[in-house]
Amino acid sequence: MTDNTTATSGKVVQIHYKLSDDDGTVLDQSSGTPMAYLHGHGNIVPGLENALEGKSAGEQIQVVVEPGEGYGEFIEDAAESVHRNDFPKGMELQAGMPFRAQTSSGEVVVLWIESVKGARVTVTRNHPLAGKRLHFDVTIESVRDASEEEIAHGHAHGDGGHHH
Ligand code: ZN
């Protein structure tokens, strides 16, 4: 018999969370509605997903995630200045925004906008939280089976999940 109530691959888990840095500054948190994610599909950073494995609704965990298990190590000299016209026309460009780009070898990578100054846009391979140790404070709200559609999409639908 499979245990239906713990976070394992193929479950949709709803969590209330607070993310802080080493200084205790809150970087991100769920507000009101818990966030829903599909466990085992890389929806959340590996260090947090591993810590939640096997946990049940109502449990609270505190976990410290190193950058390698979080948003990645900080890569030096990863920033590059490009022109606004290198982006699709009409695309809104904001610092901290991710976008997909294709390398000369055809590989699709995720880059982040670091800053926008006039027509100059600085892009980087570093996630805005790269190199940071992450302090998560998480309470599990609920655990349920994912639907076939959610498994096919690789993410959670409904409350706190994707709406599309
Ligand atoms: Zn979907």
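Predicted model: local features only at pLDDT ≥ 70, side-chain atom pairs only at ≥ 80, totals over all residues.
Student: OK, the zinc ion. Which protein donors does it have?

Tutor: H153 (ND1), H155 (NE2), H157 (NE2) and H164 (NE2), lying 1.9 to 2.2 Å from the zinc ion. Donors are N, O and S atoms within 2.8 Å of the metal (3.2 Å for Na, K and Ca), and water is not among the atoms, so sites may look incomplete.

Student: What spacing do the donors follow along the chain?

Tutor: The pattern is H-x1-H-x1-H-x6-H.

Student: And why is the arrangement called tetrahedral?

Tutor: Because the 4 donor atoms subtend angles of 96 to 124° around the zinc ion. Four donors count as tetrahedral if all angles lie between 85 and 135 degrees.

Student: Is H155 buried or exposed?

Tutor: H155 is buried, at 15% relative accessible area, and H157 is buried too, at 14%. Buried means under 20% relative accessible area, exposed over 50%, and partly exposed in between (1.4 Å probe, protein chains only).

Student: Switching topic: how many salt bridges are there?

Tutor: The count comes to 4 salt bridges. A salt bridge here is a side-chain nitrogen of Lys or Arg within 4 Å of a carboxyl oxygen of Asp or Glu.

Student: What does R133 pair with, for one?

Tutor: R133 pairs with D22, the closest N and O atoms being 3.0 Å apart. The two are 111 residues apart, with R133 in the loop between β8 (120-124) and β9 (134-145) and D22 in the loop between β1 (11-20) and β2 (26-29). Helices (H or I, at least four residues) and strands (E, at least two) are DSSP runs, numbered from the N terminus.

Student: What about E66?

Tutor: E66 also forms a salt bridge with R133, at 3.1 Å between the closest N and O atoms. E66 lies in the loop between β4 (60-65) and β5 (79-83), so this pair ties together parts that are 67 residues apart in sequence.

Student: And R144?

Tutor: R144 meets E150 in a salt bridge of 3.0 Å, N to O. Shared partners elsewhere join D22, E66 and R133 into one network. R144 is partly exposed at 36% relative accessibility, whereas E150 is buried at 3%.

Student: Last one: what volume does the largest pocket have?

Tutor: About 580 Å³.

Student: Which residues lie nearest its centre?

Tutor: G42, N43, I44, V45 and Y71, out of 28 residues that line the largest pocket. On a 1 Å grid over the protein atoms alone, a pocket is an open set of points where a 1.4 Å probe fits, with protein on both sides within 12 Å along at least five of seven lines, and lining residues have an atom within 4 Å of a point. Grid points are joined across faces, edges and corners, and the volume is the space filled by probe spheres set on the points.

Student: Which element gives the most to the lining?

Tutor: β3, with 4 residues.

Terms used
Residues numbered from 1 in each chain as written. Heavy atoms only, no water. Tetrahedral: all angles 85-135°; square planar, octahedral: opposite > 155°, others 65-115°.
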